[in-house]
Amino acid sequence: MCLAIPGKIVEIASDNQDSALVDVVGVRRRIDLGLLHDDRPVPGDWVLVHVGFAMSKISEQDAADQMNTLRMLGEIEGAMQEVKGYGLGDVN
Amino acid sequence: MRFVDEFREPELISKTADEIRRLAGVERHYRMMEVCGGHTHAIYRFGLKDILPENIELIHGPGCPVCVLPMGRIDDGLAIAQEPDVIFAAFGDMMRVPGTHGSPLEHKARGMDVRIVYSPSDALKLARLNPEKHVMFFAIGFETTAPSTALTIMRARSEGIRNFSVFCNHVTIIPAIRAILDSPDMRLDAFIGPGHVSTVIGCRPYEWIAHNEGKPIVVSGFEPLDMLQSIVMLLHQLKAGEAKVENQYKRVVPWEGNRAALKAMAEVFQLRPYFEWRGLGFISQSALRINDKYAEFDAEQRFEVPGIRVTDPKAAQCGEVLKGVLKPHQCKLFGRECTPEHPIGALMVSTEGSCAAYYNYEHRKAAMVSLSSIA
């Protein structure tokens, strides 16, 4: 729950500006952009995702560093399981 | 420091560690509290203690939401889920946390409809997929997760979803820090501020810690270099006799926080007059409940809640460990009655709790040859 997972915005839904498809090291899921109304991300941007909601925009380098931190913490497997959403995450 | 070669910029880490030793000197003892459970986990996992001089002591704070949740709240949530056609949805972190009659996972084994969700929005999706059932999301977390719960409730209302509610256990970090600072046996010099909570609340809410309490606080990232740099910043302040709020994690944390997230929380939640924290007791205005405007999504208003209170065994000294008066292993129960497999006290419950982290890394390490390579 407390993991911040970096993802790259792939696509924003045409019918819902608050719904985006993100890519987290090859796994895709829908996330909510509603908490970034003041600084809307566009496809290609990197965001930190908490419990399925983009919480901040970050640089590509920061995203790579965060992934490395998760790896060092032994949390990658847990993070990927979370991204996949235990079967509910709209994984493509 | 086992994994130092894997760290980004190992040379800079070495240099920063030297800088810490130079600044810390030998005359004075420094006690710094990292508030966030993520930091606690990282400190043990990265073996940071091995490269810090002995006179810098890290005290592990109250920032693990699973750990500070009273067992009675778990019992209450599970009691609601005994109602017919209720699905109990919660984050994976909650699944093994013991209630009086077992964890959510054990209740599932006995036939309760318990689902793990990654996101409150996935819990709402469960409600859409199961219109004949009621989905109750067991919400926990500090300001890192509270805005997501709030926005999910707003989405549920605008979609007109009627079979969804939230059992709200969200807590706020500032009153917990205040409770620790107010306790008479408190002996802290400075704080390492939480990273992700600060993404939401920003740095301004910490100003009273510096201005009124005279304690420096540095909001920190989670990489080894982040935490070491934060300790350097704290030492500079302490040596200069200053107390300021500084932001080491600028690349993620804006000084003003995330306004949209704060707005969502203000829309849906109101402060509870008081809330019980495991290890710290009742703290006033330290937790959130769903306000009357969104009452239909409040599980506590929608269902009969037994209001169970379970006190921790007297022998468990969680409060003393939380305030830094005792180290985890100095508690009478540590490693004997209380282990990660059979947690008795709050801090043994989650891997981010200081006792569990201490048990998993330090306790095991005691039997290993020290692999320290940087000190």
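The stops run from whole chains to single elements and residues, and end at the contact between the chains.

**Before selecting**

This is a predicted model, in which local features need pLDDT of at least 70 and side-chain atom pairs count only at pLDDT 80 or more, whereas totals for chains, interfaces and linings use all residues. Residues are numbered from 1 along each chain as its sequence is written, and chains are lettered from A and ligands numbered from 1 in the order in which they are written.

**Stop 1: chain A**

Select chain A, which holds two helices and five strands; helices (H or I, at least four residues) and strands (E, at least two) are DSSP runs, numbered from the N terminus. Along the sequence, the order of elements is β-β-β-β-β-α-α. The C-alpha atoms of chain A occupy a box of roughly 35 × 30 × 20 Å along the principal axes. The radius of gyration of chain A is 12 Å, in agreement with the value near 12 Å for a compact globule of 92 residues; this radius is taken over C-alpha atoms, and the globule rule is 2.2 Å times the number of residues to the power 0.38. Of these 92 residues, 47% are buried. A residue is buried if 20 or more other C-beta atoms, placed from the backbone, lie within 10 Å of its own, exposed if 12 or fewer do, and partly exposed in between.

**Stop 2: A:Leu48**

Next, centre on A:Leu48 in strand β4 (residues 46–50) of chain A. Is A:Leu48 buried or exposed? A:Leu48 is buried, because 21 other C-beta atoms lie within 10 Å. Setting aside residues up to four places away in sequence, A:Leu48 touches A:Ala4, A:Pro6, A:Met55, A:Ser56, A:Ile58, A:Gln66 and, from the other chain, B:Val252. Here a contact requires C-beta atoms, placed from the backbone, within 7 Å.

**Stop 3: chain B**

Now select chain B, with 16 helices and 13 strands. Its C-alpha atoms fill a box of roughly 65 × 45 × 40 Å along the principal axes, and 53% of the 375 residues in chain B are buried. Among contacts in chain B between residues at least 6 apart in sequence, 76% join residues at least 24 apart.

**Stop 4: an open sheet and its helices**

Colour the five strands of chain B that form an open sheet in the order β2-β1-β7-β8-β9, with parallel pairing; two strands pair if DSSP finds at least two bridges between them. The edges are β2 (56–63) and β9 (245–247) of chain B, each of which pairs on one side only. Neighbouring strands of this sheet are turned by 20° against each other on average, direction ignored. Helix α2 (residues 37–45) of chain B packs on the sheet, touching β1 (30–36), β2 and β7 (190–193) of chain B, and its direction makes about 120° with that of β1(B). Axes are lines fitted to C-alpha atoms, for helices over the stretch in contact, and angles run from 0 to 180 degrees between N-to-C directions. Helix α12 (residues 224–240) of chain B also packs on the sheet, touching β1, β2, β7, β8 and β9 of chain B at about 150° to the direction of β7(B).

**Stop 5: strand β5 of chain B**

Move to strand β5 (residues 134–141) of chain B, where eight of the eight residues are buried, so the strand is largely enclosed by the rest of the structure. In a regular strand the side chains alternate between the two faces of the sheet. In β5(B), B:His134, B:Met136, B:Phe138 and B:Ile140 lie on one side and B:Val135, B:Phe137, B:Ala139 and B:Gly141 on the other.

**Stop 6: the contact between the chains**

Finally, display both chains: the contact takes 38 residues from chain B and 29 residues from chain A. On the chain B side, the elements giving two or more residues are α2, α7 (120–129), α8 (146–159), α10 (196–201) and α13 (259–268) of chain B.

Terms used. Two residues are in contact if their C-beta atoms, placed from the backbone, lie within 7 Å.
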